[in-house]
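Subject: Structure for you to look at

Hello,

Here is the structure I said I would pass on.

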Amino acid sequence: MAKRTPSAQELHRRAVATYVAAGGEESVQRVITAVQGLTKKLDQWYVRQLTDLDVSSGEWAVVTSLAKAGEALTPSQLAELTNVAPSSMTHRLDKLAERGLVERAADPDNRTRILVSLTEEGWGLFSQAIRDSDVVESDVLQDLGDTERAELARLLEVVIARLDDIDA
């Protein structure tokens with residue numbers, strides 16, 4: 001007989017109990033373990049989504065960095081934003097340019113610099129991926145009303161603001 005796979009809720013309860021038994025503060029462990037579990041599950045879905053889009057996670061990091069920047073960036077800026085070596089960035093940009101998702105152009109203010117920007121097709125891929133993700137993310141939050149979502153977002157933003165103060 002096949003062993004039943006524990007639910008996400010059961011895995012969460014077990015993990016919290018384990019961390020508390022080891023000396024962790026229960027309210028802290030409930031929150032952090034929930035955030036980690038949610039992140040892990042969504043990341044699994046995002047990996048499948050990128051595979052369907054035929055985009056590697058590294059290429060997706062470039063696309064999202066350009067979309068969030070709202071302006072053209074240099075390859076060096078993109079390498080820094082995505083935590084890769086400049087040589088790796090060159091390879092990623094080559095692949096993205098071959099697919100028509102990004103374009104390179106000389107910087108009009110400094111002809112020795114190259115600027116990279118999303119093409120219309122690159123922006124379209126980004127937009128489609130975000131719309132597809134929003135469906136899954138909305139399903140995750142479906143049991144929360146608008147007020148509860150707003151409160152959860154507010155509380156998480158408070159926690160995020162504190163991250164810069166923590167020396168990890």
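A residue to start with is Asp-54, which counts as exposed because its relative accessibility is 56%, over the 50% that the word requires. Please keep in mind that this is a predicted model. Asp-54 sits in the loop between helix 2 and helix 3. Its phi is near 60°, a positive value in a residue other than glycine. Most residues other than glycine have a negative phi.

Asn-83 also has a positive phi, of about 55°, although it is not a glycine. Where is Asn-83 found? The loop between helix 4 and helix 5 holds it. With a relative accessible area of 70%, Asn-83 is exposed.

Next, the record. UniProt, in an unreviewed entry, places the feature "domain: HTH marR-type" at residues 28–161. Over residues 28–161 the chain is 72% helix and 11% strand.

Now the inside. In soluble globular proteins, nonpolar side chains tend to be buried together. The largest nonpolar core in this model has 22 residues. The members that touch the most other members are Trp-60, Val-62, Leu-66, Leu-78, Met-89, Leu-93 and Val-102. Two or more core residues come from each of helix 2, helix 3, helix 4 (75–82), helix 5 (86–98), strand 2 (110–118) and helix 6. Which element gives the largest share of this core? Helix 3 does, with 5 residues.

Trp-60 comes up again among the aromatic rings. The structure holds 3 aromatic pairs. The ring centres of Trp-60 and Phe-126 are 5.7 Å apart and the planes are at 25°, so this pair is stacked. The pair links distant parts of the chain, with Trp-60 in helix 3 (residues 57–69) and Phe-126 in helix 6 (residues 120–140), 66 residues apart. Are these two residues buried or exposed? Trp-60 counts as buried at 16% relative accessibility, and Phe-126 counts as buried at 14%. Ring pairs link Trp-60, Trp-123 and Phe-126 into a cluster.

Another of the aromatic pairs is Trp-45 with Tyr-46. Their ring centres lie 5.8 Å apart and their planes are at 75°, so the pair is edge-to-face. Tyr-46 is partly exposed, at 24% relative accessibility.

On to charges. A search of the whole structure finds 7 salt bridges. I describe some of them here.

Glu-59 and Lys-95 form a salt bridge, with their closest N and O atoms 3.4 Å apart. This pair also links distant parts of the chain: Glu-59 is in helix 3 and Lys-95 is in helix 5, 36 residues apart.

Arg-14 and Glu-10 meet through their side chains in a salt bridge of 3.1 Å, N to O. Both are in helix 1 (residues 8–21), and because they are 4 residues apart, about one helical turn separates them. Arg-14 is partly exposed at 43%, and Glu-10 is partly exposed at 23%. Glu-10, Arg-13 and Arg-14 are linked in a network of salt bridges.

Glu-151 and Arg-154 make a salt bridge of 2.9 Å, N to O. They both lie in helix 7, 3 residues apart, which is about one turn of the helix. Glu-151 has a relative accessibility of 34% and counts as partly exposed; Arg-154, at 41%, also counts as partly exposed.

Last, the surface. A nonpolar patch of about 740 Å² is made by Val-28, Val-31, Ile-32, Val-35, Leu-152, Leu-156, Ile-160, Leu-163 and Ile-166. Helix 2 (26–53) and helix 7 (146–163) are the elements that give two or more residues to this patch. Where does Ile-166 lie? It is in the segment after helix 7. Ile-166 is partly exposed because its relative accessible area is 48%, which falls between the cut-offs of 20% for buried and 50% for exposed.

Regards

Conventions. Residues numbered from 1 in each chain as written. Predicted model: local features only at pLDDT ≥ 70, side-chain atom pairs only at ≥ 80, totals over all residues. Heavy atoms only, no water. Patch = residues over 30% accessible without salt bridge, like charges linked within 9 Å, V, L, I, M, F, W, Y side chains within 5 Å. Areas by Shrake-Rupley, 256 points an atom, 1.4 Å probe, with all protein chains shown as cover. Salt bridge = Lys/Arg side-chain N within 4 Å of Asp/Glu carboxyl O. Buried < 20%, exposed > 50% of the residue type's maximum accessible area, 1.4 Å probe, protein only. UniProt positions renumbered as here; feature names shortened; annotations may be inferred. Phe/Tyr/Trp six-rings, centres within 6.5 Å; stacked < 30°, edge-to-face > 60°. Core = buried A, V, L, I, M, F, W, Y, C linked by side-chain atoms within 4.5 Å.
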